[in-house]
Amino acid sequence: MANPTVRVLTLLELLQAHRHMGGRELAERLGVDRRTLRRYIQVLEDLGIPVTTERGRHGGYRLMPGFKLPPLMFTSEEALAVSLGLLATQGLGIAETAPALETARAKLERVMPTRLKQQAHALSESARLELPSARAPGDERLLILFATATQARQRVRLDYRDDREQHTRRALNPYGLVYRAGRWYVSGWCHLRRDLRSFRLDRIVEATPLEASFERPMDFDPAEHLANSIASLPRAIAVSVRFHTELANIVAELGRNIGVFTPDGSAVMLHARTDSLDWFARQLANQPFDFEILDPPRLRDALSEQAVRLQRLAAKK
């Protein structure tokens, strides 16, 4: 619960749920000291929420008798959006959020009108979203830490374990989080490599916010950077292909993981690397667009072998 806004909202929920709570208990529940607690109480009062302070041995805090927050009111479209959001969150691989999803759904249904409650309940019972399954467990603490650091422009020190089990300590300016193909990534400026890098969250052993701040590039897209990083992995064989179609069309067919696409007049160039020309030839054979293989020549041979195979299969009776 690192975000002060989250703590203030949690404080309000505690005061609503309990008739009276002592200052020490409230501070312990929120994970703050008494001075910070009083500051959060002041925030609630500034928002027009009347909090009564009772001094003495059995003193504490309570909401003014008779005060209630107005109920949430959702349109049909808003109720649909919230319900779909809760369904989607189930597939993000964050085990810690499972109980929270159920309590959030229960709270929303409590304040919804009957018609919207029935719609939301029907959706949660009958709809299934075929999203990429989580391939690595998500860490709620790391997600919140990097989201907060990205928003606050705060540098983070992280201990990272790569795919060869080698450990490094780095300082990172986090620019954004991406959920891709079942894994969470954080992208930003790595001070160790002095370049943009993306890191899998399940390989981060520890992360600690630092005092240093940074300026985030206005035009940086963490999802695009991650896609280009994956497409540019140092595989054995370089490939160049020109497709006679528009960029959006070929990206929709092949996806951005396969390589880097660049417009080339009325065509699109694909620069990629692969460990298997046979695999790459199969991807090309599936395309509805005309194309030219520029490099390597062996890819043409692999494509010819695919054509012979398909002709043989088509001739079978």
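Analyst: Leaving aside residues up to four places away in sequence, Pro222 touches Gly176, Val178, Ser187 and Arg216. The model is a predicted one, and the account below describes that prediction. Pro222 belongs to helix H8. Its relative accessible area is 14%, and Pro222 counts as buried because this value is under 20%. The C-alpha atom of Pro222 lies 10.0 Å from that of Leu196, although 26 residues separate the two along the chain.

Helix H8, residues 222–231, lies across strands S4, S5 and S6 and runs at about 115° to S4. A further helix, H7 (residues 140–152), lies across S3, S4, S5 and S7, at about 90° to S4.

The sheet itself is open and consists of 5 strands in the order S6-S5-S4-S3-S7, paired in the antiparallel sense. Its edges are formed by strand S6 (195–200) and strand S7 (204–213), each of which pairs on one side only. From one strand to the next, the twist averages 45°. Within this arrangement, strand S3 (residues 154–161) is joined to S4 by antiparallel pairing over 6 bridges. As one example of how residues face each other, Val156 stands opposite Leu172 in S4.

Strand S4, residues 167–180, also contains Arg170. What is the nearest side chain of opposite charge to the buried Arg170? That side chain belongs to Asp162, at 6.1 Å. Arg170 therefore has no salt bridge, since such a bridge requires the nitrogen and the carboxyl oxygen to be within 4 Å. The side chain of Arg170 does make a polar contact of 2.9 Å with the side chain of Thr168. Beyond four places in sequence, Arg170 touches several residues, including Val156, Leu158, Cys190 and Phe199.

The neighbouring Arg169 presents another case. Arg169 forms a salt bridge with Asp159, in which the closest N and O atoms are 2.8 Å apart. This pair links distant parts of the chain, with Arg169 in strand S4 and Asp159 in strand S3, 10 residues apart. Arg169 has a relative accessible area of 55% and is exposed, whereas Arg170 is buried.

A further salt bridge joins Glu165 and Arg161, with 3.6 Å between the closest N and O atoms. Glu165 is exposed, at 54% relative accessible area, while Arg161 is partly exposed, at 23%.

Arg235 lies in the loop between H8 and strand S8 (237–243), and Asp275 in the loop between strand S10 (267–274) and helix H10 (277–285), so the pair ties together parts 40 residues apart in sequence. Asp275 is exposed, with 53% relative accessibility, and Arg235 is partly exposed, with 35%.

Of its 317 residues, 36% count as buried, and the salt bridges number 10.

Terms used. Residues numbered from 1 in each chain as written. Predicted model: local features only at pLDDT ≥ 70, side-chain atom pairs only at ≥ 80, totals over all residues. Heavy atoms only, no water. Helix = DSSP H or I, 4+ residues; strand = E, 2+ residues; numbered from the N terminus. Buried < 20%, exposed > 50% of the residue type's maximum accessible area, 1.4 Å probe, protein only. Lys, Arg positive; Asp, Glu negative; His and termini not counted. Polar contact = N/O pair within 3.5 Å; in protein donor to acceptor, adjacent residues only side chain to side chain. Contact = heavy atoms within 4.5 Å. Pairing = 2+ DSSP bridges. Axes fitted to C-alpha atoms, helices over the stretch in contact; angles between N-to-C directions.
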